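This is a walk through one model, taken element by element. Keep the sequence and the coordinates open while reading.

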Amino acid sequence: MEPVPYLASLSWYSSWAMARLGLCDAPQLPQNPNRALIRGAWGEQTLSVPIEGGRRRLACVPYDRLRLSEHGNWRHAHWQSLVSAYGAFPYFHYFEDEFAAVYAAPADTLASLCRQLHTALVRAAGLEEALGWLRDTGSGLPQGVPVYDMPRNVAAIELLFMRGPETVYTLLGPC
């Protein structure tokens, strides 16, 4: 199972999807896998998941053994930031419960938290089914599909909440 960064970016998910199709290597973890960039009415905001022992542990402890710190009620703060940033998006309320459950569930490691968020996004967007169909049929993406233009370093969850089922088109669209 490949490591997944926290609220992985559109760029990371594009690489992940292309790797699932056998078109490139699996994406690498970013230098700070506990940070994500979201956008809201106030502009860009970086969300950082606190790690026990602080930032220095990122370099010396294996990713799957990085334990989460519960300092500062960050789960509530992160969920409220997502609600504030994306609550008015067209598909937010379709997927809200699944993501809220991840923030409410106890995860003790960064890897398990990120895996839960990844699973929720992949399931909500129907990515496995779409990628399976593309792999099985050898088809390309349909022509003329509108691509949501957003910075590639922003969390892919934004794309899901904005485009819903069309998420796969942007992930496999031009980088």
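Helices here are DSSP runs of H or I with at least four residues, numbered from the N terminus. The model is predicted.

With that numbering, α5 gives the most to the lining of the largest cavity, with four residues. The structure holds one cavity of 30 Å³ or more, and the volume of the largest cavity is about 60 Å³. Its lining includes Val-4, Pro-5, Leu-7 and Ala-8, together with Tyr-13 and Phe-99. Cys-114, Leu-117, His-118, Leu-121 and Ile-157 also line the largest cavity. Sorted by class, this lining has 10 nonpolar residues, one polar residue and no charged residues.

Just after α1, Gly-22 has a positive phi of about 75°.

Thr-109 sits in the loop between α4 (92-104) and α5 (110-125). Is Thr-109 buried or exposed? Buried means under 20% relative accessible area; Thr-109 has a relative accessible area of 13%, so it counts as buried. A polar atom of the Thr-109 side chain lies 3.1 Å from the backbone nitrogen of Ser-112. Leaving out residues up to four places away in sequence, Thr-109 touches Asp-64, Leu-66, Arg-67 and Leu-68.

The strands β1 and β2 form a hairpin with two residues between them. β2 spans residues 43-48, and its pairing with β1 is antiparallel, over six bridges. Within this pairing, Leu-37 stands opposite Thr-46 in β2.

Strand β1 also takes part in the largest pocket. The volume of the largest pocket is about 180 Å³. It is lined by 14 residues, of which Ser-9, Pro-30, Arg-35, Ala-36 and Asn-153 are the closest to its centre. Which strand gives the most to the lining of the largest pocket? It is β1 (residues 35-40), with three residues. By class, the pocket lining has eight nonpolar, five polar and one charged residues. For the largest cavity, by contrast, the lining has no charged residues.

Key. Residues are numbered from 1 along each chain as its sequence is written. This is a predicted model: local features need pLDDT of at least 70, side-chain atom pairs count only at pLDDT 80 or more; totals for chains, interfaces and linings use all residues. Side-chain values use heavy atoms; hydrogens and water are left out. On a 1 Å grid over the protein atoms alone, a cavity is a set of points where a 1.4 Å probe fits but cannot get out, and a pocket is an open set with protein on both sides within 12 Å along at least five of seven lines; lining residues have an atom within 4 Å of a point. Grid points are joined across faces, edges and corners, and a volume is the space filled by probe spheres set on the points. Ala, Val, Leu, Ile, Met, Phe, Trp, Tyr, Cys and Pro count as nonpolar, Asp, Glu, Lys and Arg as charged, and the others, Gly among them, as polar. Buried means under 20% relative accessible area, exposed over 50%, partly exposed in between (1.4 Å probe, protein chains only). A polar contact is a pair of N or O atoms within 3.5 Å; within protein, one must be able to donate a hydrogen and the other to accept it, and residues adjacent in sequence count only if both atoms are side-chain atoms. Contact means heavy atoms within 4.5 Å. Two strands pair if DSSP finds at least two bridges between them.
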